[in-house]
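Hello,

Here is the structure I promised to pass on.

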Amino acid sequence: MVIKLIVGLGNPGQEYQRTRHNVGFLLLDELASSEGVDFSLQSRFFGSLAEVMTEQGKVYLLKPNTFMNRSGQSVSSVMKYFKITPKEILIVHDELDFSVGEMKLKFSGGHGGHNGLRDIISALASKDFLRLRLGIDRPVAPSLVADYVLSDFSKSDAKDIEQLFSDFISRLPILYKEGYESLMQEINAKK
């Protein structure tokens, strides 16, 4: 399956820019920078869009401008406009159950309590899309989760996240040329 749309999840606004919950936005910013493309705000898509040309064709990068729990509106509008199926979408999001610097690729599944995924599954009427889960770690007390995900990364965690982005971006040609199964084996086997 060819990926035609990569979506980074996050919250709009300066106050959320470098927070753990915005790791999806941050990765897409790095990806766009590495490809030499810029995002432009597209009101009809409720988000910012960039285009990358690969050997296999055009890939759209999307950062929804809705808040995290309304991400489905943006994703579904891009999907319908460009006639993209759920199986051609990669969603990049934060994962509390992984340590900082850990990533896993997964196809399909539930939302695991992630409000962005919950809204996307609802808007697409499908859970059959690819997910890149980026570890942000979990606070000790469950009551601290809301504040924790909206906090900035520590300096050491920020370095680990930058390395994670670099690792993923360097492996993207595998996704474009061989498909997500090959990329999944490569990423999920890495310790």
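Let me start with helix α6 (residues 180–189), where Y180, L183, M184 and I187 are buried; buried means under 20% relative accessible area and exposed over 50%, with partly exposed in between (1.4 Å probe, protein chains only). Looking down the axis of α6, the buried residues fall within an arc of 105°, so they line one face of the helix; the arc is that of the directions from the helix axis to the C-beta atoms. Q185 and A189 are exposed, on the face of α6 turned away from its buried side. The cover over the buried residues of α6 includes β6 (103–107), β7 (130–135) and α5 (155–178).

A word on the basis: this is a predicted model, in which local features need pLDDT of at least 70 and side-chain atom pairs count only at pLDDT 80 or more, while totals for chains, interfaces and linings use all residues. Residues are numbered from 1 along each chain as its sequence is written, and side-chain values use heavy atoms, leaving out hydrogens and water.

Now for the whole chain. It has 6 helices and 7 strands, which are DSSP runs numbered from the N terminus (helices H or I, at least four residues; strands E, at least two). From the N terminus on, their order is β-α-β-β-β-α-β-β-α-β-α-α-α. Buried residues make up 53% of the 191 residues. Of the contacts (heavy atoms within 4.5 Å) between residues at least 6 apart in sequence, 68% join residues at least 24 apart.

Best wishes
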